[in-house]
Protein chains: 2
Amino acid sequence: MGTAAGERTARRDTYTPQTLLEVAVRVFNERGYDGTSMEHLSRAAGISKSSIYHHVRGKEELLRRAVSHALDGLFGVLEEPAAREGRAVDRLAHVIRRTTEVLMERLPHVTLLLRVRGNTETERWALERRRKFDQRVAELLRQAVADGTLRPGADPRLATRLLFGMINSLVEWYRPHPEGPRVAPEIVEGVLTTALAGLGLPGGAPPAR
Amino acid sequence: MGTAAGERTARRDTYTPQTLLEVAVRVFNERGYDGTSMEHLSRAAGISKSSIYHHVRGKEELLRRAVSHALDGLFGVLEEPAAREGRAVDRLAHVIRRTTEVLMERLPHVTLLLRVRGNTETERWALERRRKFDQRVAELLRQAVADGTLRPGADPRLATRLLFGMINSLVEWYRPHPEGPRVAPEIVEGVLTTALAGLGLPGGAPPAR
DNA sequence: CCTTGCCCCGACCGATCGTTCGGTTGCACC
DNA sequence: GGTGCAACCGAACGATCGGTCGGGGCAAGG
């Protein structure tokens, strides 16, 4: 659609829904979704309030696009082969590692997802999808405990929640180096090691990547 | 002031700043602070919007009272004797346990504290106080590592953040039984065990209360 | 040249925001 | 029985909310 025949969309000094979303997500995270007005967004984007409506239907669509991006990344992890085949504990380790990476790659979007309260239909839909993801990981942990590989100090239900709490807390403090990779491998490994230790993995260190 | 001579303030069918605060904190947590209007509060409290201003100066005072209550509880833990004397690892264990308990006792207030974004002066003040508390606990962990008691898989800075992430995540899912104690001892123990295991405490189980 | 369509704008909409104001009611106290 | 004050109310304040509208500028295509 548009711009037929060959490359022409080279320079980019105008907004697209994508680039506008990046600005919006940044402001949403700074001020909170409810605390952000369209006026705030327009100032941050450098265009007028009404111009925003040329690119997106409204404020809520920006939120929907953002949390969708986060959720797509998380569910994508569960589709990876290493998350579907092998010992439960290895699959769990893979999911922990990759979830941490996705959380770093899509940090602002996941941050927004984790702060959703359920005030609108969009937010409730996001909460529901997130709940389903949590259940999938909880099932993995349950299997790893059932086959005797993991022996958490607490019951699996509690352990799952603490595990997610630990991983998700990254959005509260992790900030990638401005001129560097978005994913910090040493932090990913630290999370994985701490998580598995807390879950009672005998032998300590997890298998290397 | 007021109601001189003897007991008379028996029945309580009218609001005080305290009782109004409880209603407000509940609604703030359901809808988010920015997502809650004074109209919402007035409906939840069963009095008119303008009546609220008879008891408190405004919306922001309600937030300030709430997060203050949370912060007072947290800093109170650091003042307890068991948090000031003994081996660093024992003091850390005490702080983890008591912090978890305070978080449960004052769940709605702490929840509000953890969601503050920094949009107003009150919020920035709360963020600053919270940061100081985190630093105090980080110092405890640092000492426990320095004297060789703890050997976390990750560096102490990261470990502290993951530890707080785990504990603080309780506000996302813990709900006390309606007719029961606000604090669930088995969850406190689960948190403590998982935390110390994740921090690399040799020997597994923590000392009994 | 003129048309087309993208990108943007200022002005404005009704609704809602947090807050203020001028009361009314009813109980305690003298 | 009059006074005072705590607790409450409806109405309205200016500001700001998310969103709409009609049109301007301007590069591309004919």
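A cavity is a set of points, on a 1 Å grid over the protein atoms alone, where a 1.4 Å probe fits but cannot get out; a pocket is an open set with protein on both sides within 12 Å along at least five of seven lines; lining residues have an atom within 4 Å of a point. Grid points are joined across faces, edges and corners, and a volume is the space filled by probe spheres set on the points.

This is a predicted model: local features need pLDDT of at least 70, side-chain atom pairs count only at pLDDT 80 or more, and totals for chains, interfaces and linings use all residues. Residues are numbered from 1 along each chain as its sequence is written, chains are lettered from A and ligands numbered from 1 in the order in which they are written, and side-chain values use heavy atoms, with hydrogens and water left out.

**Stop 1: chain A**

The C-alpha atoms fill a box of roughly 60 × 40 × 30 Å along the principal axes. Chain A has 209 residues, and 48% of them count as buried (under 20% relative accessible area; exposed is over 50%, partly exposed in between; 1.4 Å probe, protein chains only).

**Stop 2**

A rotation of 180° with 0.0 Å of shift along its axis superposes chain B on chain A, with an RMSD of 0.0 Å (least squares on the C-alpha atoms of residues with pLDDT of at least 70 in both). The two copies are thus related as by a two-fold rotation axis. Colour the interface next. Of the interface residues of chain B, 100% are also interface residues in chain A, so the copies meet through the same surface.

**Stop 3: the largest cavity**

The whole structure holds five cavities of 30 Å³ or more. The largest has about 130 Å³ of space. Select A:Met166, A:Thr194, A:Gly198, B:Met166 and B:Thr194; of the 16 lining residues, these lie nearest the centre. Helix 8 (156–168) and helix 10 (185–198) of chain A, with helix 8 (156–168) and helix 10 (185–198) of chain B, each give two or more residues to this lining. By class, the lining has twelve nonpolar, four polar and no charged residues (Ala, Val, Leu, Ile, Met, Phe, Trp, Tyr, Cys and Pro count as nonpolar, Asp, Glu, Lys and Arg as charged, the others, Gly among them, as polar).

**Stop 4: the second largest cavity**

Move to chain B. The second largest cavity has about 90 Å³ of space. Its lining includes B:Leu74, B:Arg130, B:Asp134 and B:Phe164. Helix 5 (88–105), helix 6 (107–115), helix 7 (121–146) and helix 8 of chain B each give two or more residues. Seven lining residues are nonpolar, two polar and two charged.

**Stop 5: an open site**

Return to chain A. The second largest pocket has about 500 Å³ of space. Select A:Val25, A:Arg26, A:Asn29, A:Leu107 and A:Pro108, the closest to its centre of 17 lining residues. Helix 1 of chain A gives the most to this lining, with six residues. The lining has seven nonpolar, three polar and seven charged residues.

**Stop 6: B:Ser51**

Finish on B:Ser51, in helix 3 (residues 49–55) of chain B. B:Ser51 is partly exposed, with a relative accessible area of 29%. Now pick B:Tyr15: the pair is 36 residues apart in sequence and 9.8 Å apart in space, C-alpha to C-alpha.

Technical notes. Helices (H or I, at least four residues) and strands (E, at least two) are DSSP runs, numbered from the N terminus. Contact means heavy atoms within 4.5 Å.
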